[in-house]
Amino acid sequence: MTQYTIETPPVTALPVAGQDAVFPVRRIYCIGRNYAAHAIEMGHDPDREDPFFFQKNPNNLDTSGSFPYPPHTSDVHHEAEMLVALKTGGTNIPVEKALDHVFGYGLALDMTRRDLQGIAKKAGRPWEIGKAFERSAPCGPIHPVSEVGHPSEGHLEFKVNGEVRQEGDLNQMIWKVPEMISYLSEYFELAPGDVILSGTPSGVGPVSKGDTMELSIDGLGTLTVTVT
Ligand code: MN
């Protein structure tokens with residue numbers, strides 16, 4: 001048995017709706033600008049160019065229901081997204097086979113220090129400082145495919161303190177879930193435990209301490225998170 005020199009870091013695992021077993025997370029891939037209206041609001045061309053991805057860290061996921069306002073920012077934005085959890089992986093996965101690799105779907109927020117991301121973009125630097133900070137990915141339980149199928153359409157609604165801020169439909173994704181999986185698998189070796197945040201519709205904006213954020217997607221329930 002392997003002896004570790006220090007205490008082994010805990011495995012981040014997400015609850016699974018209706019099951020006792022939890023879903024261990026290996027990597028998080030996040031797609032950028034996957035809804036045309038959001039690409040436009042961020043000042044970009046909504047044409048279908050190649051997708052691009054960035055990563056958060058597995059332990060940025062948080063199911064506590066609270067989001068601590070992070071340091072070194074005064075402009076933290078919400079991005080409401082559907083999470084896709086993979087049970088198997090591989091390379092060069094064809095689009096037609098991609099959904100066979102999905103374990104389930106859930107709700108997640110890609111919280112963003114927009115001011116720091118903006119500085120990084122301008123300087124041509126990586127985005128981690130704006131995206132991959134502590135507890136930057138509040139999320140809910142995973143709903144297994146056996147329960148919810150593969151949602152390719154469904155209303156997405158995100159509210160702050162009861163007021164609708166983001167609205168869209170899963171069918172508005174520029175790159176659909178099977179295409180994202182296939183594309184990623186050409187560049188990376190996907191593996192069990194990988195999750196994908198599938199992008200956000202338009203309406204992103206700032207939150208403040210004390211705000212209650214509420215995301216729902218048809219068939220996937222509701223995620224409620226308080227900014228603390
Ligand atoms: Mn995002």
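Visitor: How many bridges join strand 3 to strand 4?

Guide: Strands are DSSP runs of E with at least two residues, helices are runs of H or I with at least four, and both are numbered from the N terminus. Two strands pair if DSSP finds at least two bridges between them. Here isoleucine 31 stands opposite phenylalanine 53 in strand 4. Strands 3 and 4 run antiparallel, and the number of bridges joining them is four.

Visitor: Good start! What kind of model am I looking at?

Guide: Residues are numbered from 1 along each chain as its sequence is written, and side-chain values use heavy atoms, with hydrogens and water left out. Local features need pLDDT of at least 70, side-chain atom pairs count only at pLDDT 80 or more, and totals for chains, interfaces and linings use all residues, for this is a predicted model.

Visitor: Which residue in strand 15 does isoleucine 28 stand opposite?

Guide: Strand 3 has a parallel partner in strand 15 (residues 195–197), with three bridges between them. In that pairing, isoleucine 28 faces valine 195.

Visitor: Are the residues of strand 3 that point either way buried or exposed?

Guide: Buried means under 20% relative accessible area, exposed means over 50%, and partly exposed lies in between (1.4 Å probe, protein chains only). Ile28 and Cys30 point one way from strand 3 (residues 28–31), while Tyr29 and Ile31 point the other way, and all are buried.

Visitor: Now to the metal. At what distance is the manganese ion coordinated?

Guide: Donors are N, O and S atoms within 2.8 Å of the metal (3.2 Å for Na, K and Ca), and sites may look incomplete, as water is not among the atoms. The spacing of the donors along the chain is E-x1-E-x28-D. Those donors are Glu79 (OE), Glu81 (OE) and Asp110 (OD), which coordinate the manganese ion at 2.1 Å.

Visitor: How far apart in sequence are the parts that glutamate 79 and aspartate 110 tie together?

Guide: Both residues are donors to the manganese ion. Glutamate 79 sits in the loop between strand 7 (76–78) and strand 8 (80–86), and aspartate 110 in the loop between strand 9 (102–109) and strand 10 (112–113), so the parts tied together are apart in sequence by 31 residues.

Visitor: Which residues do salt bridges with shared partners join into one network?

Guide: The structure has eight salt bridges by this rule. One of them pairs glutamate 163 with arginine 165, whose closest N and O atoms are 3.9 Å apart. The network made by shared partners joins Lys56, Glu79, Asp110, Arg114 and Lys131.

Visitor: What is the volume of the largest cavity?

Guide: On a 1 Å grid over the protein atoms alone, a cavity is a set of points where a 1.4 Å probe fits but cannot get out, and lining residues have an atom within 4 Å of a point. Grid points are joined across faces, edges and corners, and the volume is the space filled by probe spheres set on them. There are two cavities of 30 Å³ or more. The largest has a volume of about 120 Å³.

Visitor: Which element gives the most to the lining of the largest cavity?

Guide: The lining has 17 residues, with Gly32, Arg33, His38, Glu79 and Trp127 nearest the centre. The element that gives the most, with three residues, is helix 3 (residues 114–123).

Visitor: Finally, which strands stand at the edges of the open sheet of five strands?

Guide: The strand order in this sheet is 6-18-17-13-14, with mixed pairing. Each edge strand has a single partner, so one side is left without a neighbour in the sheet; the two are strand 6 (66–67) and strand 14 (163–169).

Technical notes
1 Å grid on protein atoms, 1.4 Å probe; cavity = no way out; pocket = protein on both sides within 12 Å on 5 of 7 lines; lining within 4 Å. Salt bridge = Lys/Arg side-chain N within 4 Å of Asp/Glu carboxyl O.
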